[in-house]
Amino acid sequence: MARSVAVVVLLAMAAVAAAQAPGPAATPATPAAATGPPNVTAILEKGGQYTTFMRLMKETQQDTQLNSQLNNSFNGNGYTVFAPTDNAFNNLKPGTLNSLTQQQQVALVQGHVLPQFYSMDSFQTASNPVRTQASGTDGPYTLNITSTTNSNVNVSTGVVEVTVNNALSAAKPLAVYSVDKVLLPLELFGVKAPAAAPTASTAKPKKGGSTEAASGPAGAEDAEPTGAASARAVGWGVAGLAAVVGCLL
């Protein structure tokens with residue numbers, strides 16, 4: 001009995017000692033890594049199928065410009081980018097990109113960037129025509145954006161139309177959407193108006209089939225024929241000679 005009591009006492013003492021012993025030092029929480037502004041190049045690289053669009057953005061310096069604007073918050077409304085896949089560029093007519101001047105290539109890339117952040121839901125309230133970076137304040141290079149009944153979004157340039165259904169990034173201030181067609185601007189790839197046909201001559205034909213343009217100088221119609229004038233001159237000469245002879249006789 002005494003042994004059992006001793007065991008109980010020892011166990012109790014051990015529990016008290018364990019409770020009073022200091023615990024291991026608490027590990028300080030690791031602070032969350034600071035997230036910087038979005039980078040369009042990094043987003044496209046992660047997507048893995050936008051090599052041609054990335055090259056165009058780099059050659060026209062639009063990647064640097066857009067990232068700089070995102071870093072400095074030049075536009076509080078954010079940005080939206082429609083990124084054509086490599087297959088979209090491969091489906092273009094050969095030589096399409098090479099036929100464009102440097103300035104036209106800049107306009108082509110800027111025509112894929114909207115100076116406002118759009119989520120898939122906010123596209124439903126977009127007011128057409130929607131300006132792009134190529135539009136300036138009220139210029140051309142606009143898009144028409146409409147929502148379909150199955151929650152997809154259609155984007156049209158007037159030359160091509162494509163459905164948007166895949167977001168590579170949808171966190172403000174930058175949304176990047178994948179598209180299966182290059183958004184060819186109407187201003188660069190629209191059907192050119194045919195040249196005006198030359199107007200027909202309105203000159204009225206004269207009697208005898210000739211026109212006023214073919215007629216002689218003014219007053220030519222009233223001019224006396226040369227033969228009649230010569231005959232009249234001879235007649236006056238003969239009359240004068242007869243008068244002189246009559247006087248001599």
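## The chain at a glance

The chain has 8 helices and 7 strands; helices here are DSSP runs of H or I with at least four residues, strands are E runs of at least two, and both are numbered from the N terminus. This is a predicted model, so bear in mind that local features need pLDDT of at least 70 and side-chain atom pairs count only at pLDDT 80 or more, while totals for chains, interfaces and linings use all residues. Residues are numbered from 1 along each chain as its sequence is written, and side-chain values use heavy atoms, with hydrogens and water left out.

Of the 249 residues, 30% are buried. Buried means under 20% relative accessible area, exposed means over 50%, and partly exposed is in between (1.4 Å probe, protein chains only).

Start with α2, which spans residues 40–47. Val40, Ile43 and Leu44 are its buried residues to look at. They sit on the same side of α2, because they cover an arc of only 95° around the axis, the arc being that of the directions from the helix axis to the C-beta atoms. An α-helix has 3.6 residues a turn, so residues three or four places apart point the same way. Glu45 and Lys46 are exposed on the other side of α2.

What do the buried residues of α2 pack against? Their partners are α3, α4, β1, β6 and β7. At the N-terminal end, Asn39 caps α2, with a side-chain oxygen 2.9 Å from the backbone nitrogen of Thr41. After α2 comes Gly48, which has a positive phi near 85°.

## Helix α3, inside and out

Helix α3 covers residues 51–59, and Thr52, Phe53, Met54, Leu56 and Met57 are buried in it. The buried residues of α3 pack against α2, α4 (62–72), β1 (79–84), α5 (86–90) and α6 (102–110).

Lys58 belongs to α3 and is exposed, at 61% relative accessible area. Its C-alpha atom is 9.2 Å from that of Thr41, which is 17 residues away along the chain. Glu59 is partly exposed at 42%, and Arg55 is partly exposed too, at 39%.

Thr60 is in the loop between α3 and α4. Is Thr60 buried or exposed? It is buried, with a relative accessible area of 6%. A polar atom of the Thr60 side chain lies 2.7 Å from the backbone oxygen of Leu56, and one lies 3.4 Å from the backbone oxygen of Met57. Both are polar contacts, that is, pairs of N or O atoms within 3.5 Å; within protein, one must be able to donate a hydrogen and the other to accept it, and residues adjacent in sequence count only if both atoms are side-chain atoms.

Not counting residues up to four places away in sequence, Thr60 touches Gln102, Gln105, Val106 and Val109. Gln61, which follows α3, has a positive phi near 65°.

Thr80 is in strand β1 and is buried, with a relative accessible area of 0%. A polar atom of the Thr80 side chain lies 2.8 Å from the backbone nitrogen of Tyr118. Leaving aside neighbours within four places in sequence, the contacts of Thr80 include His112, Val113, Phe123, Ala175 and Tyr177.

Ala175 is in β7, where it stands opposite Ala170. Strands β6 (residues 166–171) and β7 (residues 174–179) pair in the antiparallel sense over 5 bridges; strands count as paired if DSSP finds at least two bridges between them. The hairpin that joins β6 to β7 runs through 2 residues.

Definitions and conventions
Contact means heavy atoms within 4.5 Å.
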